[in-house]
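Let's go through a structure together, one feature at a time. Take a look first, and then we'll talk about how to read it.

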Amino acid sequence: MTHFTQTELDNELHRAPVEPLLPVEKKLIIWSLSVGLVLLAVLAAVNHFFPVTT
Amino acid sequence: MSNAYATDVNSPDTTAPVTAAVLNEDWLAVILGLAIFILGLGAVANVDLIGWVVSTSVWGNVSNAISPVSKNYASLGGVGALLATYVGLTLVLSAGVAALKTDVKKFALAFTAVFWLAYAGWFIGNYANFAAATPAEFQKFGISWSLRLTNEGAFIFALILGLIIANVFPRFAAAIKEAVRPELYIKIAIVILGGVIAVTVAGRLGFATAVIVRGIAAIVEAYLIYWAVVYFIARKWFGFPREWAVPLASGISICGISAAIATGGAIRARPVVPILVSSLVLVFSVVELLILPFVAQGFLSHEPLVAGAWMGLAVKTDGAAVAAGGITDALILAKNAAEGVHYQPGWILGTAAVIKVFIDIFIGVWAFVLGYIWTNHINVTRDADKAKASEIWQRFPKFIIGFVITFAIGLYFALGTSADVAKSVPGAIAEANSLRLIFFVLTFFSIGVLSDFRLLWREGFGKLVAVYVVSLFGFVIWVGLLISWIFFHGVTPPLGS
């Protein structure tokens, strides 16, 4: 498919049945956020103890 | 394209499956960027190969506006330098796109229009009442008011000209599309920028390394935090199907067009889906480009590197982000100069570019992770179609290699050579940098031409626009600012001499 008509796009985004979040998607979101927040906290601590000096 | 949606967003990965092209836009950017950089370095050996490139200054009188970048070519005059720049770029880029199997004649004709219109926009933007920024410049040009855009801020005029063409003269925009290639132009500019940054940071390697290390935080933020939140919002709050939510989340959170297309391909989405998302990314990147540098100048002028990091994190697409870094650099330095503080130029731009490059490096890895999950757990496919680790390299943005090479060469020349040679390096790099500025101008204009704001009002697009607005203005911009603040506040560029 190389393009959508207006109707096709409208059908795809507004009338298509909702796909529920699968467990694997939930896992991806939760793991991603958790690892991200932990890493950010670690990096912020490193930044605090080893600040940039000019 | 009156009632059908497809776009002409130029990108290295324009189709879902990974192609095996020998030369793509990324490699072309590496070759051209390296060639320009090496030609510029000729000046180190007193062989001035690109000193004929036009240099454009803030002007009050047209006769003083343009000149060749090197005094060795003074006899050319400004107009001669401009013509030489046009001819040189047309020849080199035409040869380049020939390798991409593009119609060279069409490209050369379209590039002629793109070059002159883009340059005209920049030239007008450099008029003293638009670009003069410091009291010294006010005095020099005998003016009492100015928009204070600065020389690089004047790129905005090229962008606006492109936007007018896209939205008022769509047929003309379609006629020149062959040469409307913001991704190619910005990638060439980024390759050259590697060397420029190296020379800028050469005397402050410890400081520069610390800044680069903090770029890691940007990767964590873009991939692990932004992506997860935007994907959740798109799926749970707006009910987007997975095929749409993945490129949308990648486009908003990671790196705009490249990420939307790479991850869309990885999950085996229909090619039209990420391309459609990309057109929206481009429109919003223009909005960010027009607003954020000025917000940064207004509120972050005493936190220059926070501003640079923020541009790299918040503005989507390589072109818009690095360009926003350039404008922010010029605007903030001008504001500080007006207060008597003279920072070395290039650090804000360098911070934005390094953060963007750091984020880009992991596009292939993230695309593989998503591809693995999708082909093994969500839309389980036969073995031959499953995501393979080799896709990481295939989707890796190759222009980054060019950036690293010019950075290493620039650093070597600045630090590893005799004092006599090292002294001539900044001048040599300045010649390549003048072409980098021209590629920025072409990028701005091209982004404008590709930004069809009428999309925002078209039926069917409302939901896409809504998720973008909610995610970008409700989350991405502010978290980007917070994280930039945590890692860069209190850090200022070295003072200039």
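Q: At what angle do the axes of helix α14 and helix α15 of chain B cross?
A: Keep in mind that this is a predicted model. In chain B, helix α14 (residues 318-338) and helix α15 (residues 347-361) cross at roughly 160°, and their axes come within 7 Å. Angles over 145 degrees count as roughly antiparallel, so α14(B) and α15(B) are roughly antiparallel to each other. The crossing of the two, α14(B) and α15(B), is right-handed.

Q: Which residues in α14(B) and α15(B) meet?
A: On the α14(B) side, look for B:Asp318, B:Ala321, B:Val322, B:Gly325, B:Gly326, B:Thr328, B:Asp329, B:Ile332 and B:Leu333. Their partners in α15(B) are B:Trp347, B:Ile348, B:Leu349, B:Ala352, B:Ala353, B:Lys356 and B:Asp360. Sorted by class, this contact of α14(B) with α15(B) has 9 nonpolar, 3 polar and 4 charged residues.

Q: How do helix α12 and helix α13 of chain B pack?
A: Read this pair the same way, starting with angle and distance. Helix α12 (residues 272-299) and helix α13 (residues 304-314) of chain B pack at about 160°, with axes 10 Å apart. That makes α12(B) roughly antiparallel to α13(B). Here, too, the crossing of α12(B) and α13(B) is right-handed. From α12(B), the contact uses B:Glu288, B:Leu292, B:Pro293, B:Val295 and B:Ala296, while α13(B) brings B:Ala307, B:Trp310, B:Met311 and B:Ala314. The residues in this contact of α12(B) with α13(B) split into 8 nonpolar, no polar and 1 charged.

Q: Where do A:Glu19 and B:Arg242 lie?
A: Their side chains meet in a salt bridge, at 3.2 Å from N to O. A:Glu19 is in the loop between α1 (6-15) and α2 (23-49) of chain A, and B:Arg242 is in helix α11 (residues 242-266) of chain B, so the pair joins two chains. B:Arg242 also forms a salt bridge with A:Glu25, where the closest N and O atoms are 2.8 Å apart.

Conventions: Residues are numbered from 1 along each chain as its sequence is written. Chains are lettered from A and ligands numbered from 1 in the order in which they are written. This is a predicted model: local features need pLDDT of at least 70, side-chain atom pairs count only at pLDDT 80 or more; totals for chains, interfaces and linings use all residues. Side-chain values use heavy atoms; hydrogens and water are left out. Axes are lines fitted to C-alpha atoms, for helices over the stretch in contact, and angles run from 0 to 180 degrees between N-to-C directions. Helices (H or I, at least four residues) and strands (E, at least two) are DSSP runs, numbered from the N terminus. Angles under 35 degrees count as roughly parallel, over 145 as roughly antiparallel, 65 to 115 as roughly perpendicular and the rest as oblique. A crossing is left-handed if the near helix is turned anticlockwise from the far one by less than a right angle, and right-handed if clockwise. Contact means heavy atoms within 4.5 Å. Ala, Val, Leu, Ile, Met, Phe, Trp, Tyr, Cys and Pro count as nonpolar, Asp, Glu, Lys and Arg as charged, and the others, Gly among them, as polar. A salt bridge is a side-chain nitrogen of Lys or Arg within 4 Å of a carboxyl oxygen of Asp or Glu.
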